[in-house]
Amino acid sequence: MEGFVLALAEKGYALATIADIVAKARVSKRTFYEHFADKEACLLATYKDATTRMQAAMAHAFELHAGAAWPAQVDAVIDAYVTALESTPALTRACLVEMAAAGPRALRMRREVHEAFATQLRAFVDHARKRHPEVGAISAPLATAIVGGVDELLLAQVERGPQHRLADLRETASHLLRAVLTYRRPSAKPQRSR
């Protein structure tokens, strides 16, 4: 998978070949095919592995800051996510850019991963609400919208080029989460009778 990421960084998903991947990985084509049916299967496995590790880093950050004020928990989770993305720029590009353009199976997996991140976000919020009554509940569709919005921000930043750091979006993502979690819908005004 590391060889795959290196090949993608050099040529992009569309142009990278199995020969490129095995050359970067320093293995034979036979070894590649023992693990993956094709290039797409390698992309999907790489994406799944990376996002699973990101979720674990976020869960660890949340647990580490369990006794902190909830805004600090939000910041810690976002920081863990962004740090994981920035630590592997080629992998991040594969996860954000290549998955968005790799076809129907990749799109389905991307949606499944977004759903998993949304479920994790709701679990974080439910846990935070036990200690912080000012934190509002979020529905599954709203959690998905937040995850998709943050993903789109990161994707746009990666597409702008390496001089645009993902860390620059920490404050925006944190502000988004805080705004959503403290938003209170106005109560309906009673209708006046005529």
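**Glu40, a buried residue of helix α4.** At 16% relative accessibility, Glu40 counts as buried (buried is under 20% relative accessible area, exposed over 50% and partly exposed in between, with a 1.4 Å probe and protein chains only). Glu40 sits in helix α4; helices are DSSP runs of H or I with at least four residues, strands are runs of E with at least two, and both are numbered from the N terminus. Leaving aside residues up to four places away in sequence, Glu40 touches Tyr13, Ala102, Arg105 and Ala106, where a contact means heavy atoms within 4.5 Å. This is a predicted model, so to speak: local features need pLDDT of at least 70, side-chain atom pairs count only at pLDDT 80 or more, and totals for chains, interfaces and linings use all residues. Residues are numbered from 1 along each chain as its sequence is written, and side-chain values use heavy atoms, with hydrogens and water left out.

**Helix α1 meeting helix α4.** Here we look at α1 (residues 2–11) and α4 (residues 39–64), whose axes come within 10 Å and cross at roughly 105 degrees. Axes are lines fitted to C-alpha atoms, for helices over the stretch in contact, and angles run from 0 to 180 degrees between N-to-C directions. That makes α1 and α4 roughly perpendicular to each other (65 to 115 degrees; under 35 is roughly parallel, over 145 roughly antiparallel and the rest oblique). On the α1 side, the contact is made by Phe4, Val5 and Leu8, and on the α4 side by Lys39, Cys42, Leu43 and Thr46.

**The buried residues of α1, and what comes next.** Gly3, Phe4, Val5, Ala7 and Leu8 of α1 are buried. Their cover includes α2, α4 and α6. After α1 comes Gly12, with a positive phi near 85 degrees.

**Arg26, out in a loop.** Arg26 belongs to the loop between α2 (18–25) and α3 (29–35). With a relative accessible area of 77%, Arg26 is exposed. Most residues other than glycine have a negative phi. Arg26, though, has a positive one, near 60 degrees.

**Met99, a loop residue that is buried.** Have a look at the loop between α6 (89–98) and α7 (104–131), and you'll find Met99 there. Its relative accessible area is 1%, which counts as buried. Residues up to four places away in sequence aside, Met99 touches Leu43, Leu44, Tyr47, Ala94, Ala106, Leu107, Met109 and Arg110. Met99 and Ala7 are 92 residues apart along the chain, and their C-alpha atoms are separated by 15 Å.

**His175, on helix α9.** His175 lies in α9, which covers residues 170–182. At 58% relative accessibility, His175 is exposed.

**Stepping back to the whole protein.** The protein has nine helices and zero strands. Its C-alpha atoms fill a box of roughly 75 × 45 × 35 Å along the principal axes. Of its 194 residues, 42% count as buried. Among contacts with a separation of 6 or more, 64% come from residues 24 or more positions apart.
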